[in-house]
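This briefing covers pockets and charged pairs. The sequence and structure come first, then the notes.

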Amino acid sequence: MRFTKGHGTSNDFVLLPDPDGELELTPALVAALCDRRKGIGGDGVIRVVRSAKHPEAAGLAGEAEWFMDYHNSDGSIAEMCGNGLRVFVRYLLEKGLATPGPSGLPVATRAGVLVTVVGAGTISARMTTPRVYAGSTATLGHLTVPGLAVDCGNPHLVCGLHDGVELSALDLTRAPSHDPKVFPAGVNVEFVEPAEPLAGVDRHVRMRVHERGSGETQSCGTGALAVGAVALREAGLATGSVAVDVLGGRVLVTCDADGAWWLEGPAVLVADGDVDPAAVL
Ligand SMILES: N[C@@H](CCC[C@H](N)C(=O)O)C(=O)O
């Protein structure tokens, strides 16, 4: 089985080319491929499949040729992955599978068709509009932090740190507990603290994330989008840009004058190879 390894700000993925949707991608195989000792290692697996060849995307084939079939490292399926989408586009471009049109390159995801734009070293994705819809809390040991629930196509809980609690001191080796009534399908939890003012952006923050289905990761694009939406909202800004520093680098979230939300950051492919599924399972 061919694979490519790639990452966006160290949120890393195993990409599997499967243009005709022939691969039997079980949760066990996904988890085995993502195993950092016995497999290739990754926060998730992305199957690269033609929309027309995947039952969940066939209806979108007229709008987007390719479907990002995203799986978390525990084998669960997620609706959307912002960094994965940008890495997916890098893969399509480098393998000569797609060429952006004048208005960008559309990609089918479980959150709908999203347009991406290739920049100098970065890829931007026009994301679904983040929807802040409830207050809730996350609990880490003895620490309970209030936050806001944000729907970015997938579920997020954005928790701002206060009272001298430092982002670097948090133990995210275990999942923060959350309210299953607010998040019946689980949640990605972002912890945020302000960072020093940065020229060219309206807000600058630092974030760590515990991802549903993957644990603590070095970065999360949809998580950054949720954090950016909350930061602009708290600043009373309807539009603007937020630099979000994650463990793996920096991504930029922008809500432009048209009300379109963009996620921009690097997307890199690092290796191609072959893997025998029987050897990792
Ligand atoms: N890292 C991704 C999000 C991946 C999916 C998430 N773990 C979920 O289950 O919703 C990103 O960059 O957005």
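Which side chain does aspartate 69 meet in a salt bridge? Its partner is arginine 110, at 2.5 Å from N to O. A salt bridge here is a side-chain nitrogen of Lys or Arg within 4 Å of a carboxyl oxygen of Asp or Glu. The model is predicted: local features need pLDDT of at least 70, side-chain atom pairs count only at pLDDT 80 or more, and totals for chains, interfaces and linings use all residues. Residues are numbered from 1 along each chain as its sequence is written, and side-chain values use heavy atoms, with hydrogens and water left out.

**Salt bridges**
- The count comes to 18 salt bridges.
- Aspartate 69 counts as buried at 1% relative accessibility, and arginine 110 as partly exposed at 22% (buried is under 20% relative accessible area, exposed over 50%, partly exposed in between; 1.4 Å probe, protein chains only).
- Asp69 and Arg110 also belong to a salt-bridge network with Asp18, Arg47 and Glu56.
- Lysine 5 pairs with aspartate 12 in a salt bridge, with the closest N and O atoms 3.1 Å apart; both residues are buried.
- Arginine 206 forms a salt bridge with glutamate 193 at 3.0 Å between the closest N and O atoms.
- Of these two, arginine 206 is partly exposed at 29%, while glutamate 193 is buried at 17%.

**Pockets**
- A pocket is an open set of points on a 1 Å grid over the protein atoms alone where a 1.4 Å probe fits, with protein on both sides within 12 Å along at least five of seven lines; lining residues have an atom within 4 Å of a point.
- The largest pocket holds about 350 Å³ of space, counted as the space filled by probe spheres set on the points.
- Its lining has 19 residues, and Gly160, Val192, Val230, Ala231 and Glu234 are the closest to the centre.
- The second largest pocket has a volume of about 150 Å³, and its lining includes Asp171 and Arg174.
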